[in-house]
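Keep the viewer open as you read.

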Amino acid sequence: MPIGAVDYIERSGIAGNCFPSYNAAAPLIHRMWPKVKVAMDSRNDVYGETLYREYVAALNGGSSLEAYLAKWPVDFFLITYGGDRNPEFFRSLEKSPDWKLVYFDDRSVVYLKRTERFRAIIERDGYALISPAIPGTLQVTPEDAPLWLAEAERAVAAAPNDWSPHQYKAKALLALDRLDESEAATRRLLSINPKAYFGWADLGYLHLLKDESRAAEEDFARCLTLRPDFAPCRQALDRLRSAR
């Protein structure tokens, strides 16, 4: 249950129409109705088949989410994330100029619509650079790295046992040339999610920068055991082995 997120919504005075995860609406209704009304909850028979199908389609993101938002008035999202959510859903929200991530913990996120009544909350709490509910794929520049690091550390504090914020933190520290700290953040990521092949790739590149080729070779090999078709690790490992 998204208790932390509901606490945040209540504390921040967020009201209006919420698009929640199917399993997240109950505590929101209990705490916030009638100030908050939800698009769906686990009593799906109340809503009917047509609305339920529209809701489920919207959770796939892309054009289905766009069509839903064009039809129904939504003021904010309360969404649980992880393996049970389509990453395209979050990418759709992140790419849209209409939504801003303001809350993140180890299970839930809250996105607010960019409206005047939410402006102060967005300015106070909005994540401007990172998207901690989805893996980080953007490269961090040294100029932006201090701001990235500040947001990443905020996300790590909110969800210390979730791997994604540690990835952002590691990337920011790498851009700041703080290699030992970046390695520590990457190892923390991998301790939480040992199957994160990209984490082993990042660790390999860190070891290359530290002139630790043997350790880098082991990292790239570990990456390929998890993702044999990951070309960057294959190419890096081949170069290391040919240079022996």
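## Inside the sheet

Leu-78 has Val-110 in S5 as its bridge partner. Val-110 in S5 is also the bridge partner of Tyr-103. Before going on, please note that this is a predicted model, in which local features need pLDDT of at least 70 and side-chain atom pairs count only at pLDDT 80 or more, while totals for chains, interfaces and linings use all residues. Residues are numbered from 1 along each chain as its sequence is written, and side-chain values use heavy atoms, with hydrogens and water left out.

Two strands pair if DSSP finds at least two bridges between them. In general, strands of a sheet pair through backbone hydrogen bonds, either parallel or antiparallel.

What is the order of the strands in the open sheet? The 5 strands follow the order S2-S1-S3-S5-S4, with mixed pairing. At the edges are strand S2 (36-38) and strand S4 (99-104), each pairing on one side only. From one strand to the next, the twist averages 30°. The pairings are set out below.

| Strands | Sense | Bridges |
|---|---|---|
| S1 and S2 | parallel | 3 bridges |
| S1 and S3 | parallel | 3 bridges |
| S3 and S5 | antiparallel | 5 bridges |
| S4 and S5 | antiparallel | 5 bridges |

Strand S1 covers residues 16-20 and strand S3 residues 76-80. Facing S3, Cys-18 stands opposite Phe-76, and Phe-19 stands opposite Phe-77. Towards S2, Asn-17 has Lys-37 as its bridge partner. S1, helix H2 (residues 25-32) and S2 form a right-handed β-α-β unit; right-handed says that, with the strands pointing away from the viewer, the path from the first strand over the helix to the second runs clockwise. S4 connects to S5 through a hairpin of 3 residues.

## Cover over the strands

Buried residues have under 20% relative accessible area, exposed ones over 50%, and partly exposed ones fall in between (1.4 Å probe, protein chains only). S1 is mostly covered, with 4 of its 5 residues buried, and S5 is mostly covered too, with 5 of its 6 residues buried.

Helix H5 (residues 87-95) lies across S1, S3, S4 and strand S5 (108-113), running at about 150° to S3. Axes here are lines fitted to C-alpha atoms, for helices over the stretch in contact, and angles run from 0 to 180 degrees between N-to-C directions.

Is Ser-92 buried or exposed? Ser-92 counts as buried because its relative accessibility is 14%. Ser-92 sits in helix H5. Leaving aside neighbours within four places in sequence, Ser-92 is in contact (heavy atoms within 4.5 Å) with Gly-61, Gly-62 and Leu-65.

## A helix pair and the whole chain

The axes of helix H11 (residues 213-226) and helix H12 (residues 231-242) come within 9 Å and cross at roughly 145°. Residues making this contact include Phe-220 and Leu-224 of H11 and Leu-237 and Leu-240 of H12.

Stepping back, the chain has 12 helices and 5 strands. Its C-alpha trace spans about 65 × 35 × 30 Å along the principal axes. Of its 244 residues, 47% count as buried.

Methods
Helix = DSSP H or I, 4+ residues; strand = E, 2+ residues; numbered from the N terminus.
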